[in-house]
Every structure is written in structure tokens, then in C-alpha cells.
Amino acid sequence: MQEVKKRIIQGVVVLVAIIYLAKLFYLQVIDEGYSEAAVDNAIEQVVQIPYRGQIYDRKGQLIVYNTPTYDIYVTPKKVKIQDTLRLCNLLGLSKFQFDSMFTIARTYSKFKPSLFMRQLSVEDFARVQDAMVDYPGFTFETNAFRTYNTTAMANTLGYVAEVSPKQLEEQEEAGEDYYRQGDYIGKSGLERFYEDILRGRRGVKYIMKDVHGVVKGPWKGGEMDVSPVAGKNLYTSIDLDLQQYADSLFVNKSGSMVAIDPATGEILAMVSSPSYDPKLLAGRNYSKNYARLALNPYNLLLNRALQGLYRPGSTFKTVETVVGLEEGAITPGTVLGHSGIRMNCHCGRSSSDLHTAIQRSCNPYFYHVFRRIIYHNDERDPFKASKVGLQKWSERVAKFGIGQKLGVDLPYEKKGLLPDVEYYNKRNKGEYSWKFSNIYSVGIGEGELLVTPLKLANVAAIIANRGWYIPPHIVRAIGSPKGEPLPEFKVKHSVDIEQRHFETLISAMYDAINSPVTVPARYVVRDIEACGKTGTSQNKKGQDDNSVFICFAPRNNPKIAIATVVDYGRWGGVTAAPISMLVAERYLKGYTTNKAAEAEMKAKYLLRLPNAPNSKPKPDTTKQQKPLVAAKKVTGPLVSHTKP
Amino acid sequence: MASRNNSILNRIDWLTVSLYIACVVIGWLNIYAAVYNPEQPISIFNFDTNSGKQLVWMGLSVLLIIAILVIDYRFWETFGFFIYGFVIFLLVAVLFLGADIKGSHSWFKIGPVGFQPAEVAKMATILAIAKYLSTPGTNMARFKDQLNVAIFILIPMVLIRVSSETGQALVLVGLMLMLYREGLPGIFPSIVIVAATLLILSQTVDTLKIAIGLAVVAGIVIFFLPRYQRTRRTFVAVGLVYAGCVGMVLAADFFINDVLEPHQRSRIEVLIDPNSHKRGAGWNVIQSKIAIGSGGIFGKGFLQGTQTKFDFVPEQSTDFIFCTVGEEHGFFGSLVVIGLLLSLILRLVFLAERQRTRFARIYGYGVVSVFFFHFLVNIGMTIGLMPVIGIPLPFFSYGGSGLWSFTILLFIFLKLDAQRSFIMSRV
């Protein structure tokens, strides 16, 4: 019996040892979760966020930079305060504020530093820094917010804000893991498009900490650390002076203007009006200001240059001309009459040749041109012929970038609409269900056709180049002023139309400006050799039409191509044309000769709430743009770092 | 005895002594590692650190060992009751005179030196029971002797519990093993084990399921009973056992919710679900498992642990010393330490069995019981198989009182063992 009991005791002891070893084997060898937990525990990742890249204009002027700020952190355990009141005065806090902030920090942790005050300016920091030596437990960490040298281009530049939960999800789906909750990310404009380049690369330091969060030194001697890589600067092709001048012409107007250097595709200025002061979305008032901007009825956050959709109006006749010539539907000598056409004409003639038709923007002439293009094939049946004709036409027009994305280096570019065979089949529910008479208004840039100001500017650049373009872009160099743009912005795209057809078009566009019919003579800027085409983009019934204009200058070896759309500007010649020519002159000469036109344009008030039925000019001549008044109120408490 | 061959050094069981030395030295190195700070390396011999102090306790242990080996072996049997009485006196005195450490009055403080009577209570209780049971005519199967032995155990147990050293009090339950060997019917330890298991089960599984589960077990037992034993009496017995078990589960609920203090209750809850008190009581168990688990097969290397240093694991050089072993030496290290302790315990069982006096054998099994209980609970709690009960790992944990009490316990037995050939067997 005793022998059995001895065996049982031995058995129990051995059994316990075996169970424990089995459990240990599981913990230590099989289950890997514990070693991962160990890394989280003792080793803390300290993230070092580099400065974002700065943004410059084409002359080297700084547009966007970072203002260092200081965040104060407090480690409650280390705090020894003799005179709380003095500290409160120093930091500009009330005793109550101080106590509540300190209590929050202490509740979070006595040992770990917690954020105490955010975004102390450099001036405040300098004032406080020395005195804070007497207050152990308070530490400073550098931070930065975006700062702007201009109030212009808010939508082009974009803004930076905390990464959204949705973006985090998308990132996860894409299998990446760069951003974490609370990180900043470019949300729109260049800040978004060039996010990867601007942000640089975060550095990570691994620091060993004990359970109280006290730092015990680098982990593995720092061999796992990754040092931060500073964000790269962007050198844009924007001419900041030109941009600000163009903006000044858009005061109290809504609309857009894009100016391109045709030889390179570089965007010289991009106006989207009305807009907001970019500094409103930088710094600590972001969420408050964002809500106000987003709710503003004037669509302040819309970049009209690439998101505003307009009918091109008569400016489209330029494209129509070269397509017609290339197709052989017309020749420069083709004379066409006005008879039997349901279109008004303001050319004051009964028939005209191509040159005069362009110069005078003759609608009936281009009705016939489009008709000839559509029916210029072997099909007898008008329905079948329309299909074949439109197919060819839309292919040619598409090469101008119309109805396509141009691939500008900004997010959210709109494609617009180029109606093609497929589109009409769908709309009219069936093949051969439509013919020329259903679609003729497209031929003069009305109807279904929709473009953005950016596309129109690109059309102007194509004409200026006599048949090719480089996709318009804003950043001409990445990293250094002599750096390269993205590779796609060095590729020439041809529209496959003979150069002589463009020469025919250009000579008429030259006369359209310099022997003006469509542009009042007092608005013309004469000695820059501009070539242009006006347009009137139809709006809804009861609303004034939009004024459209494309031009380039000088005629030979063009330096600038411009497209301008002024909402409710009535017709091309009276607002868009003078504004475009003033901008072109300013760019080419650096000064303005037609001061009268400049003053008249600046004084025009064309601002309306979208969809307002009123077509009469407003008697209200308030000097300042309304939405910006509302916006500027918020500017007050923010410390301005803008250099005049 | 005077002859050189008869010297105590020739008769002492050197295997046990070697195991003892191995445990103490490995423990000492781990105590050094547990608080080693790579930024401020301090020598293992620095007396300001735990490892330095432990070295002092180890040195003093050698003196204790010499003293024990010199003292006549009959001293312990002769003065067994007296020692027991004296320790009971100390346990009472410490309640009134003891220093207040974290609300527990279990330490005498004389200058920098602390002394915890609870540590020697184990030894005293074993001595007293061994002495009592070695009296001819006693029988652990008899109720009177069971009652007397229970009183021997309960008096120090209650006193230690009153001084808030629950862990040390529970160690005395471990003496059940010793009593089982000495004739206590197996039913008693079985009840204890079943009760403890049901106590834990009652907190995880709902009562109804336990009742059904137990019914199934009862059914299986009856099914496998030989036909001739399927009498009404057996059925009644099984039914009673079943009712007892279910009653125990119901009582466990009551016990846990109404008898245990909140921190003790949380320790049981944590055993069941370590994440239930992530920053509270469960913290220890989670951190301890992370530390051990992160060790892998061969560990992070001596002094390379990150979890046990920097205070992630609390009590890292005392109760949770096994974490350091697990983290820095991995499964291999765990195997060595468990192997050493297992060998020691099995060797002591072997030694106990070869004693010629009942007193020596009972004492030997007492030592086995204490070591086994510490081993069972201490390592069990670090790997989450036992509730967190603050008792040290013999010879490994930091602390003078603990090291000395285990050393005294062990070497009294080794002295008895060395002298066994001088004794006429009385059994």
C-alpha cells in the first residue's frame, strides 16, 4: 500500500512537471503572439515626421512653406510648481484652464507625457522657453503647419488635414500601412497629387521604455531605426505675380482662367473664382473653417479650372475648322450661305468664306461645316451616314483632349463630355435612330458638349503649337529648380492635323482680334499680336450666358495660351476677352497699357448665387467679394505669417 | 564518528546538495538579470542591488548549513513541539509587534533585517506533526489522529492568514501530500483537488452544465462497475458524491462572491480570463505570459530580456523570477529549471523512503510537500495555470527569509538522512 502511495506521489509530481512543460512549450515555441506582444510592450516606436516640401513659383518665389510651432507636453509625475499663478500668466492661461488641462493629463498617465498646449508660435516659444526651465515636467516638441505667401490659388495648392477613416480603410485594402490615425495627408490640389513627394518619409526610432514609460535608451543600439527623409520641394510653373494679377481681374466674378505656356504645357496661372484664403485650412482652426467653407453657397472648394463644366460655345469653331479642313469637308475657299438655317447670325452678311466666318463667328457657316463633316462619306442613308460621320468627327475631336482627362497634376479632374456615336445611340435608344438634324448644335459648341476651362486652354495651346500639346501641368521641377517634372509631362501629343490647316485658322483668329467684330475695339490689346476666338456658352433659360474666350500670343512663336470663362459674362467679347488679353499682355510685357479696360473689368460685378434666375445686372456694387468677406472674418485670430 | 570516513561530509547526500547549489546559483544569476539595466550596468556583486543582497543571504546560508550539520540530529525530534510552540508564539507576536508592510503585519524588523515567522512555520509544523505521528500507536486513518494533525496545521494557518499572508497559509494545505503518504485515506486529498477544480470550473461554466457533466461522469462510473458491486448501497454512495459535488459548485459561487475579498476574487477570475483585468490583477499574468512566451526556444540571452526588466513584470525577482528564466533562456531554460526542481523533489522522495525512523520519513515527505506546493503554485501562476498566490519559487526567488527557510528545511532533512544508519529502525 505504501509502495503504491509512493508511486502515486511520484506520479503526481512528474505529471505536474509534464503539464507545465507542455504549457511552456505552447507559450514559448508554438504561440508567436507573445513575442509580438513583447515588442509592443517595452519598445516604443517614436515617429519623426519630416517637414513637408515647400512650393515655389516659376521665378523662385516661395508660395507654401512650414511654420514651426511648438506643442507643450506635460509629464505630471515630474511637475513641481512653486507658483502656479506665474506659470499661468506665462502661458496665458487662467488658473481654471490650467487645472483642468493638468487634470486631464494626470488622468491619462502620471508617467507619460501628454499634450498640454498646441501650436505655440515661435514668438511665444521664445518668450516662454527660458522661463520654463524653472518648471520641470514640461517639454516642447516641434510641429509645423502650412503657411502661405499668398491668398491666391487655394484650390490649386490644396490643403493638408488629418487622414480620414475612409482613407485609412482604402489604404488597408491597398495593402499599405504608411498612414496611421491622426497623421496628416494632402487632401486636395497639389498637396494631394504630390502627397508622396511632399511628405517625405517618416522616420522611426525604437526606444526602450519601462512600464512607467520612462525612456531607457535606444533599442538594439538604434540599428533598427529609420531616419526621416525630408519632403521634396515642388517648383511650379505658376507665375505668382501673373496669378495674383489675374485673380484681381476676377474680383466679384465667378469663373475660371487657365494660362499655359504652349511650348511646354506649363500652367502659368490658374484662376478659380470665388475662392478662399488658403491659410484658413491650415493650423488649428481647420475644422471650424472647413465647415464654413464647405457650406458656402458659392462652391468655394470647387476648382472650376478642372471641375467646372461649360459648353465651349463658339470657341469650339476653331476645332471644327481644322477638323473640317483635315477631313476635306471644306477648303479655305469654301463659301457657304445662311439660307434655310435655324440659327441666328451676327456676322451681318448673307454668305461668307472660312476666314470671315471664323473672324465674325458665323453660326450658319459652321452649321454647314459640321453638316459637311457628318455627311462627308459614302453612306447614302442619312442615319447611317450620320453614324459614320460622327464617329470620325468624335475621334478627331477627342485628340484635342475634349471628353478625355488631360492628366493634369491635380486631383479630381473632370472628363467633360464629348458626345459620340455610343452616346447618341444610348440617348436615342437605338442605332440609326438619330441623324445630323438631331445633333447639329454640337457643331457650334453648344448642345451636349461639355469642357473645362483647362481643356479650352489646352485647345488654345494646340492651336498655338499648330497641332500638338504637352499635357498641361503645374509642377515643372521636383526636388530642385533644375529638376524634372513627372515623365508624362515631357511627352508631345499630336492631334494629327496638318500644320497648314492651323495656319488658315490662326490668320482668321488674328483678324478676329486685330480687325475686331466680336470683341469691342476698346477692349483689344493691340501690340501683343494676339490670336483669339470668342464664345458664348449658353446657360439655363433666364440666366445670362457665360462669357468664353480662348487666345494665344504672340502669333508667331507663342508664349502664352489662355482660356477664360466668366460666369454670367454674357458674351465672349465683353468680359472673357478683355480679361484674357490683359493677362497676356501682363505676362508678355510685364505692364498694362489698356488701363481703361483693366479698370472696367475689375469693377464688373457678375457674382450670382448658382441657379439664381435673375438675368439683370445687379445694382449692388459692393467692392469686396461676398464669400471672401465671410471667410476673412475667421482670419482675425490666426497669426498671419504672410509676407506682403 | 570521529573517523574521517564517518564524517558528515561523507555521509551527506551530495546529489541533493549539488541540485541545491545549482538552483541557488542559477536563481542568483536570474535575480541579477531581472533588474539589470543595460543603460546603467551594475555589478552582480553590488550590495545595493537584489543580486548583491542575495549573495549575502547565500553566504549566511552556508553558516546556517554548517550550524545545522553540527547540531545533533536528535535535537529536532526532541524539541519538535517546543519549536512549534515557539513559532506559534512568534506568529501571534508578529500580529502586534510586526512592521506594517503594505497593510500586512507579518514581518519583524530589526534594523535593516527583516524576519518573517510564517517562513519558519512550515518547518515547525512539519516537525511537530512528524513528532506527533512518530509516537507509536498513532494512525492517520483514525479520526482522533486526523483531528489532532488538523489542529497542528490549522493553528499556524489561521494565524498566518490573519497576518494577510494567504499564500504562506495555503502552503500548509500542501502537507496533505505528506499525510497521504503516512496513511491519510486518499479521499481527503481527492476532495481537496476536486473542490479546487470545481471552484475554478464554477466560475467558467454555468452550474447547470457542471451538474449535467457530473451526472455523465456518475453514469460512466456506474456503467463500469462490476455487476456484483451494483448494489443499492453503491448507487446511494454515487448519488451522495454527486449531490456533494453539485453542492460544492453552489457553495463555490457563494464562497467566491461572499467570502473572498475582492482582490482574491479577481485573482481567480484572472486565472480564468487573464484579459478581464488588463491593468489590474490580470496585468501580472498577462505580462508574465508575454515575458515567458517571448523567450522562444533558446531565449533572448542572459541579461537581454526586455520584459522582466523595466518593471513590466511585477515582483520580477521574487515571485515572478521564473519569467526571467523563460524570457532570457527560453523553453530550454524552463526545461532546465523544471528539470532541476523535479529531480530535487524526486530525489527527496527517494531519500524519504529510505529513512529508518518514521520521524525522519515524515519530515522528508513534509519537505517534499512544501517544495512541491511552491513549485506547483509558483510556476503555475506565471504561466497562467494557477491563481496568483504570492509564494516564492524555492531557491530561485530573491529574499533572505525564503532562501533561509528552504535551506533550513532541506538541510535538517539531509542531516537526518546522513545519520540514518545510526538509528535502529523503529518502524
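B:Leu250 is placed in helix H12 of chain B, a helix that spans residues 232-259. In this predicted model, B:Leu250 has 15 C-beta neighbours inside 10 Å and therefore counts as partly exposed, since a residue is buried if 20 or more other C-beta atoms lie within that distance and exposed if 12 or fewer do. Along the chain, B:Leu250 and B:Leu199 are 51 residues apart, and their C-alpha atoms are separated by 9.2 Å.

Chain B comprises 427 residues, and 43% of them count as buried. Among the contacts in chain B with a separation of 6 or more, 69% involve residues 24 or more positions apart.

One pair of helices in chain B can be followed in detail. Helix H2 (residues 14-34) and helix H15 (residues 321-353) of chain B have axes that come within 10 Å and cross at roughly 160°. Because an angle over 145 degrees counts as roughly antiparallel, H2(B) is roughly antiparallel to H15(B). The crossing of these two helices, H2(B) and H15(B), is left-handed. On the side of H2(B), the residues that make the contact include B:Leu15, B:Leu19, B:Cys23, B:Ile26, B:Gly27 and B:Asn30. On the side of H15(B), they include B:Ile321, B:Val325, B:Glu328, B:Leu340, B:Leu344 and B:Arg347. Sorted by class, the contact of H2(B) with H15(B) consists of 15 nonpolar, five polar and two charged residues.

Chain A has 23 helices and 20 strands. Of its 644 residues, 44% count as buried. When contacts in chain A between residues at least 6 apart in sequence are considered, 72% join residues at least 24 apart.

An annotated segment lies at residues 7-26 of chain A, where an unreviewed UniProt entry gives the annotation "transmembrane region".

Helix H13 (residues 316-327) and helix H15 (residues 363-375) of chain A pack at an angle of about 40°, and their axes are 10 Å apart. H13(A) and H15(A) are therefore oblique to each other, because an angle counts as roughly parallel under 35 degrees and as roughly perpendicular from 65 to 115 degrees. The crossing of H13(A) and H15(A) is left-handed. From H13(A), the residues A:Lys317, A:Glu320, A:Val323, A:Gly324 and A:Glu327 take part, and they meet A:Phe366, A:Val369, A:Phe370, A:Arg372 and A:Ile373 of H15(A). The classes represented in the contact of H13(A) with H15(A) are five nonpolar, one polar and four charged residues.

A:Leu486 is found between strand S16 (475-478) and strand S17 (493-494) of chain A, in the loop that links them. With 15 other C-beta atoms within 10 Å, A:Leu486 is partly exposed. A:Leu486 is 77 residues from A:Asp409 in sequence, and the C-alpha to C-alpha distance between A:Leu486 and A:Asp409 is 8.9 Å.

Two cis peptide bonds may be located next. One joins A:Ser273 and A:Pro274, with an omega of about -5°. A:Pro274 lies in the loop between strand S12 (266-273) and helix H11 (286-295) of chain A. Another cis bond runs from A:Ala553 to A:Pro554, where omega is near -15°. The position of A:Pro554 is in the loop between strand S19 (546-553) and strand S20 (560-566) of chain A.

Backbone phi angles draw attention to two further loop residues. A:Met153, a residue other than glycine, has a positive phi near 60°. The loop that holds A:Met153 lies between strand S5 (138-148) and helix H6 (154-157) of chain A. A:Met153 is buried, because 29 other C-beta atoms lie within 10 Å. A:Tyr412, which is not a glycine, likewise has a positive phi, of about 65°. A:Tyr412 is located in the loop between helix H16 (382-398) and helix H17 (421-427) of chain A. A:Tyr412 has 13 C-beta neighbours inside 10 Å and so counts as partly exposed.

Definitions and conventions
Residues are numbered from 1 along each chain as its sequence is written. Chains are lettered from A and ligands numbered from 1 in the order in which they are written. This is a predicted model: local features need pLDDT of at least 70, side-chain atom pairs count only at pLDDT 80 or more; totals for chains, interfaces and linings use all residues. Axes are lines fitted to C-alpha atoms, for helices over the stretch in contact, and angles run from 0 to 180 degrees between N-to-C directions. Helices (H or I, at least four residues) and strands (E, at least two) are DSSP runs, numbered from the N terminus. A crossing is left-handed if the near helix is turned anticlockwise from the far one by less than a right angle, and right-handed if clockwise. Two residues are in contact if their C-beta atoms, placed from the backbone, lie within 7 Å. Ala, Val, Leu, Ile, Met, Phe, Trp, Tyr, Cys and Pro count as nonpolar, Asp, Glu, Lys and Arg as charged, and the others, Gly among them, as polar. UniProt positions are given in the numbering used here, feature names are shortened, and annotations may be inferred rather than shown by experiment.
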